[in-house]
Amino acid sequence: MHPTSIDLAEDVRGKSMVLLQKSLADAINLALQTKQAHWNVKGPQFIALHELFDSIADIVNDQVDTIAERITAFGGTAEGTLEAVVGRTQMKAYPIDISSGRDHVKALSQALAHFGKTARENVDKADELGDTGTADLFTGISREIDKQLWFVEAHVQADK
(Lines give C-alpha, C1' and ligand atoms only; values in the text may rest on other atoms or scores of the structure.)
Protein backbone atom coordinates (compact mmCIF):
# COMPACT_ATOMS: atom_id res chain seq x y z
CA MET A 1 0.00 0.00 0.00
CA HIS A 2 1.11 3.52 -0.69
CA PRO A 3 1.37 5.81 2.33
CA THR A 4 -1.60 8.01 3.15
CA SER A 5 -2.68 10.28 5.99
CA ILE A 6 -6.23 8.87 5.96
CA ASP A 7 -6.95 8.02 9.58
CA LEU A 8 -8.44 4.57 8.98
CA ALA A 9 -6.21 1.73 10.13
CA GLU A 10 -4.26 -0.02 7.39
CA ASP A 11 -6.07 -3.33 8.00
CA VAL A 12 -9.46 -1.58 7.66
CA ARG A 13 -8.37 0.07 4.43
CA GLY A 14 -7.05 -3.28 3.19
CA LYS A 15 -10.32 -5.07 3.92
CA SER A 16 -12.30 -2.24 2.35
CA MET A 17 -10.12 -2.43 -0.73
CA VAL A 18 -10.99 -6.11 -1.14
CA LEU A 19 -14.68 -5.11 -1.32
CA LEU A 20 -13.88 -2.22 -3.62
CA GLN A 21 -11.73 -4.31 -6.01
CA LYS A 22 -14.54 -6.87 -6.41
CA SER A 23 -17.03 -4.10 -6.95
CA LEU A 24 -14.71 -2.44 -9.46
CA ALA A 25 -14.59 -5.66 -11.48
CA ASP A 26 -18.38 -6.00 -11.39
CA ALA A 27 -18.89 -2.34 -12.29
CA ILE A 28 -16.56 -2.59 -15.30
CA ASN A 29 -18.35 -5.77 -16.36
CA LEU A 30 -21.75 -4.10 -15.93
CA ALA A 31 -20.63 -1.11 -18.00
CA LEU A 32 -19.56 -3.46 -20.80
CA GLN A 33 -22.78 -5.47 -20.56
CA THR A 34 -24.77 -2.27 -20.81
CA LYS A 35 -22.86 -1.22 -23.93
CA GLN A 36 -23.47 -4.70 -25.39
CA ALA A 37 -27.19 -4.09 -24.97
CA HIS A 38 -26.88 -0.53 -26.33
CA TRP A 39 -25.09 -1.64 -29.48
CA ASN A 40 -27.28 -4.64 -30.27
CA VAL A 41 -30.86 -3.86 -29.25
CA LYS A 42 -33.48 -4.18 -32.01
CA GLY A 43 -37.24 -3.85 -32.24
CA PRO A 44 -40.05 -1.34 -31.85
CA GLN A 45 -38.53 0.24 -28.72
CA PHE A 46 -35.11 0.53 -30.33
CA ILE A 47 -34.41 4.25 -29.93
CA ALA A 48 -35.77 4.48 -26.38
CA LEU A 49 -33.77 1.47 -25.21
CA HIS A 50 -30.67 2.38 -27.23
CA GLU A 51 -30.56 5.80 -25.57
CA LEU A 52 -31.47 4.45 -22.12
CA PHE A 53 -28.75 1.81 -22.23
CA ASP A 54 -26.19 4.42 -23.28
CA SER A 55 -27.24 6.66 -20.40
CA ILE A 56 -26.91 3.77 -17.94
CA ALA A 57 -23.45 2.93 -19.29
CA ASP A 58 -22.37 6.53 -18.60
CA ILE A 59 -23.70 6.31 -15.03
CA VAL A 60 -21.98 3.00 -14.39
CA ASN A 61 -18.72 4.33 -15.84
CA ASP A 62 -18.92 7.21 -13.36
CA GLN A 63 -19.33 4.63 -10.60
CA VAL A 64 -16.31 2.72 -11.93
CA ASP A 65 -14.27 5.90 -11.56
CA THR A 66 -15.58 6.58 -8.05
CA ILE A 67 -14.74 3.05 -6.89
CA ALA A 68 -11.27 3.15 -8.46
CA GLU A 69 -10.52 6.52 -6.92
CA ARG A 70 -11.53 5.26 -3.45
CA ILE A 71 -9.08 2.38 -3.85
CA THR A 72 -6.24 4.71 -4.81
CA ALA A 73 -7.14 7.20 -2.05
CA PHE A 74 -6.64 4.33 0.41
CA GLY A 75 -3.14 3.77 -0.97
CA GLY A 76 -4.05 0.86 -3.21
CA THR A 77 -3.86 0.24 -6.92
CA ALA A 78 -7.16 0.10 -8.79
CA GLU A 79 -7.02 -3.10 -10.82
CA GLY A 80 -9.18 -2.48 -13.85
CA THR A 81 -7.43 -4.54 -16.50
CA LEU A 82 -9.35 -7.15 -18.46
CA GLU A 83 -7.46 -9.90 -16.66
CA ALA A 84 -8.31 -8.47 -13.23
CA VAL A 85 -11.98 -8.03 -14.15
CA VAL A 86 -12.29 -11.56 -15.53
CA GLY A 87 -10.63 -12.97 -12.43
CA ARG A 88 -12.82 -11.09 -9.93
CA THR A 89 -16.24 -10.42 -11.40
CA GLN A 90 -19.21 -12.18 -9.87
CA MET A 91 -21.56 -11.07 -12.66
CA LYS A 92 -23.16 -13.68 -14.89
CA ALA A 93 -22.01 -13.60 -18.49
CA TYR A 94 -24.19 -11.41 -20.70
CA PRO A 95 -25.82 -13.30 -23.57
CA ILE A 96 -24.31 -12.15 -26.86
CA ASP A 97 -26.86 -13.92 -29.05
CA ILE A 98 -29.88 -11.75 -28.19
CA SER A 99 -31.27 -8.77 -30.06
CA SER A 100 -34.88 -8.04 -29.07
CA GLY A 101 -35.57 -5.19 -26.73
CA ARG A 102 -37.44 -7.54 -24.39
CA ASP A 103 -34.48 -9.92 -24.16
CA HIS A 104 -32.03 -7.09 -23.48
CA VAL A 105 -34.36 -5.63 -20.85
CA LYS A 106 -34.49 -9.01 -19.12
CA ALA A 107 -30.73 -9.59 -19.28
CA LEU A 108 -29.79 -6.07 -18.23
CA SER A 109 -32.38 -6.10 -15.43
CA GLN A 110 -30.74 -9.21 -13.99
CA ALA A 111 -27.30 -7.63 -14.21
CA LEU A 112 -28.42 -4.38 -12.58
CA ALA A 113 -30.29 -6.25 -9.84
CA HIS A 114 -27.18 -8.32 -9.05
CA PHE A 115 -24.96 -5.25 -8.90
CA GLY A 116 -27.44 -3.40 -6.68
CA LYS A 117 -27.74 -6.36 -4.31
CA THR A 118 -23.98 -6.64 -4.02
CA ALA A 119 -23.69 -2.91 -3.33
CA ARG A 120 -26.20 -3.23 -0.47
CA GLU A 121 -24.29 -6.18 0.97
CA ASN A 122 -21.11 -4.11 0.79
CA VAL A 123 -22.77 -1.27 2.73
CA ASP A 124 -23.16 -3.64 5.68
CA LYS A 125 -19.66 -5.07 5.31
CA ALA A 126 -18.05 -1.62 5.16
CA ASP A 127 -20.09 -0.52 8.19
CA GLU A 128 -18.86 -3.57 10.12
CA LEU A 129 -15.30 -2.48 9.32
CA GLY A 130 -16.01 1.02 10.62
CA ASP A 131 -15.49 2.51 7.15
CA THR A 132 -18.48 4.81 6.86
CA GLY A 133 -17.08 6.55 3.78
CA THR A 134 -16.98 3.33 1.78
CA ALA A 135 -20.40 2.35 3.16
CA ASP A 136 -21.72 5.68 1.90
CA LEU A 137 -20.12 5.10 -1.51
CA PHE A 138 -21.93 1.76 -1.78
CA THR A 139 -25.18 3.34 -0.55
CA GLY A 140 -25.01 5.88 -3.37
CA ILE A 141 -24.28 3.17 -5.91
CA SER A 142 -27.19 1.08 -4.64
CA ARG A 143 -29.62 3.99 -4.82
CA GLU A 144 -28.60 4.93 -8.38
CA ILE A 145 -28.57 1.35 -9.68
CA ASP A 146 -32.05 0.74 -8.21
CA LYS A 147 -33.28 3.81 -10.10
CA GLN A 148 -31.73 2.62 -13.36
CA LEU A 149 -33.22 -0.84 -12.82
CA TRP A 150 -36.63 0.79 -12.45
CA PHE A 151 -36.12 2.63 -15.77
CA VAL A 152 -35.23 -0.63 -17.52
CA GLU A 153 -37.94 -2.79 -15.96
CA ALA A 154 -40.62 -0.20 -16.71
CA HIS A 155 -40.35 -1.30 -20.34
CA VAL A 156 -41.97 -4.65 -19.55
CA GLN A 157 -43.98 -4.04 -16.37
CA ALA A 158 -47.12 -2.91 -18.19
CA ASP A 159 -47.29 -6.27 -19.96
CA LYS A 160 -48.23 -8.07 -16.73
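The expected span of a helix is 1.5 Å times one less than its number of residues. The model shown is predicted.

Q: How do you know that the reach of α1 is close to what is expected at 1.5 Å a residue?
A: Helix α1 has 31 residues. The expected figure is 45 Å. From first C-alpha to last, α1 reaches 44 Å, close to that figure.

Q: What makes the span of α4 agree with its number of residues?
A: At 1.5 Å a residue, the 29 residues of α4 should span 42 Å. The end C-alpha atoms of α4 are 41 Å apart, so the two values agree.

Q: Why are α1 and α4 called roughly antiparallel?
A: Helix α1 covers residues 10–40 and helix α4 covers residues 101–129. They pack at an angle of about 170°, with axes 10 Å apart. Angles over 145 degrees count as roughly antiparallel. Therefore α1 and α4 are roughly antiparallel to each other. The residues of their contact divide into 11 nonpolar, 10 polar and 3 charged.

Q: Which hand does the crossing of α1 and α4 have?
A: The crossing is left-handed.

Q: Why is α2 called roughly parallel to α4?
A: Helix α2 runs over residues 46–73. The axes of α2 and α4 cross at roughly 20° and come within 12 Å. That makes α2 roughly parallel to α4, because angles under 35 degrees count as such. The crossing of α2 with α4 is left-handed.

Q: What makes α1 mostly covered?
A: Of its 31 residues, 22 are buried. Buried means under 20% relative accessible area.

Q: Why does Thr34 count as buried?
A: Thr34 sits in helix α1. The cut-off for buried is under 20%. Thr34 has a relative accessible area of 0%, so Thr34 is buried. In space, the C-alpha atoms of Thr34 and Ile56 are 7.0 Å apart. In sequence, Thr34 and Ile56 are 22 residues apart.

Q: How do you know whether Gln21 is buried or exposed?
A: Gln21 is also part of α1. Its relative accessibility is 8%. That value is under 20%, so Gln21 counts as buried. Gln21 and Ala68 are 47 residues apart in sequence, and 7.9 Å apart C-alpha to C-alpha.

Q: Why is Val105 called buried?
A: Val105 belongs to α4. Its relative accessible area is 1%, under the 20% cut-off, so Val105 is buried. The C-alpha atoms of Val105 and Trp150 are separated by 11 Å. Along the chain these two residues are 45 apart.

Q: What makes Trp150 exposed?
A: The relative accessibility of Trp150 is 52%. Exposed means over 50%, so Trp150 counts as exposed.

Q: Why does Phe151 count as partly exposed?
A: Phe151 has 30% relative accessibility.

Q: Why are Trp150 and Phe151 called an aromatic pair, and what makes the pair tilted?
A: Ring centres must lie within 6.5 Å. The centres of Trp150 and Phe151 are 5.0 Å apart. Planes under 30 degrees apart count as stacked, over 60 as edge-to-face, and the rest as tilted. Here the planes are 40° apart, so the pair is tilted. By this rule the count is 1 aromatic pair.

How values were computed:
Residues numbered from 1 in each chain as written. Predicted model: local features only at pLDDT ≥ 70, side-chain atom pairs only at ≥ 80, totals over all residues. Heavy atoms only, no water. Axes fitted to C-alpha atoms, helices over the stretch in contact; angles between N-to-C directions. Helix = DSSP H or I, 4+ residues; strand = E, 2+ residues; numbered from the N terminus. Parallel < 35°, antiparallel > 145°, perpendicular 65-115°, else oblique. Left-handed = near helix turned anticlockwise from the far one by under 90°. Nonpolar A, V, L, I, M, F, W, Y, C, P; charged D, E, K, R; others polar. Phe/Tyr/Trp six-rings, centres within 6.5 Å; stacked < 30°, edge-to-face > 60°. Buried < 20%, exposed > 50% of the residue type's maximum accessible area, 1.4 Å probe, protein only.
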